[in-house]
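Subject: Structure for you to look at

Hello,

I am handing over the structure below. Please open it first, then read the notes that follow.

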Amino acid sequence: MDNVQPSIRLERVSKVFDNGVAAVDGVSLAIREGEFFSLLGPSGCGKTTTLRMIAGFEEPSEGRLLIRGRDVTDLPPHRRDTGMVFQNYALFPHRTVFENVAFGLRMRKVERTAIERRVRDALALVELTGLEARRPAQLSGGQQQRVALARAIVIEPTVLLCDEPLGALDKKLRQTMQFELKQLQRKIAVTLVYVTHDQEEALTMSDRIAVMNHGRIEQLGTPLDIYNRPATRFVSDFIGDSNLFEAAVGDVLGAQLRLRTDDGLELVAALAEPPPAGRLSLAVRPEKIRLGGASARADNQFSGAVESVAFLGGSILYRVALANRRLILAIEPNDGSKPLHAPGETVTLGWAAADAVLLKD
């Protein structure tokens, strides 16, 4: 990365629990100052354990953790200058909103008038002014989440750590809170590390994403890079939908590679570097596939029968069965520019060579 010192650095960090389970396996990464950085992956992939090691709630079995260049590997949580927002909010039920937010400042023995000012400012940031005297049970889920955020930011941490903080909210409220959390992070200019298993959430909010699997980072990059150019079969399958092909490598013709799939399809893919010998996997996103007549873009073109149609609001998802019985997913915008294809209808589908992503597996 750049010559600028990262906000957080992990150097070959591993965590093996007493039962022998290796939750994190040699993870190295650098998180930039002021970045919204997400750890994304399925349950059990090691993302929460990684976050807890940054926070100091778990001790790494190997490796080092640095915050702004300072080695914090052996420091307790309260000496790391981090704020934490938990999935279940972890609010004190019998304390008021004000008391919940003030808790960290009182533990740090901040002077009383400073506590009142900082709590008031933090509640204003999360738009909870006027609710200081309420208790958590008197608040909605979204308001409780804002209290948890205010409690984390009131101590003015260098790093804000969030462990699936929006998981308990309904979809509409979660989408609203995604926007608000991103705006808040920009406003206070804090480095934010965010754990989630929700691909859409990570793609929507993050500056960069580390996709984790079996304790390792499968790919690290911007949301655009990870979605459009997944590095591995796992990333391609986990982030959104993909049409995946296993194929034998054929001839190289200029900047294009010819391949033959296990079920007999002849494909063309764009080639940016010399291909591996033998076999490889490739992926094509459903929205890259076009239905209808011949297209200049369709370096790969096939005929099939529409098996099903799903209306998704802003788009339409088709499942098309080719002659060899392979199912192809295709997504087209619902813009009224052409009529729907009906189940049983024969269609031509195709995609450009540049839209086929060669996977490193």
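Helix H2 (residues 97–107) packs against helix H4 (residues 141–153) at an angle of about 30°, and their axes lie 7 Å apart. H2 is therefore roughly parallel to H4, a term for angles under 35 degrees, with over 145 counting as roughly antiparallel, 65 to 115 as roughly perpendicular and the rest as oblique. Axes are lines fitted to C-alpha atoms, for helices over the stretch in contact, and angles run from 0 to 180 degrees between N-to-C directions. Helices (H or I, at least four residues) and strands (E, at least two) are DSSP runs, numbered from the N terminus.

On the H2 side, Val 97, Asn 100 and Val 101 meet Val 147, Ala 150 and Arg 151 of H4. By class, this contact of H2 with H4 has four nonpolar, one polar and one charged residues. Here Ala, Val, Leu, Ile, Met, Phe, Trp, Tyr, Cys and Pro count as nonpolar, Asp, Glu, Lys and Arg as charged, and the others, Gly among them, as polar.

The model is predicted, local features need pLDDT of at least 70, side-chain atom pairs count only at pLDDT 80 or more, and totals for chains, interfaces and linings use all residues. Residues are numbered from 1 along each chain as its sequence is written, and side-chain values use heavy atoms, with hydrogens and water left out.

Next, the sheet. Six strands form an open sheet with mixed pairing, in the order E6-E7-E8-E3-E9-E10; two strands pair if DSSP finds at least two bridges between them. Its edge strands are E6 (82–85) and E10, each pairing on one side only.

E9 pairs with strand E3 (residues 36–40) in the parallel sense over four bridges, and Ser 38 has Ile 209 as its bridge partner in E9. Five bridges join E9 to strand E10 (residues 216–221), and these two run antiparallel. Asn 213 has Arg 216 as its bridge partner in E10, and Ile 209 stands opposite Gly 221. The hairpin of E9 and E10 has two residues between the strands, and His 214 takes a positive phi near 50° there.

Finally, H4 lies across E6 and E7, running at about 170° to E6.

Regards

Methods: Contact = heavy atoms within 4.5 Å.
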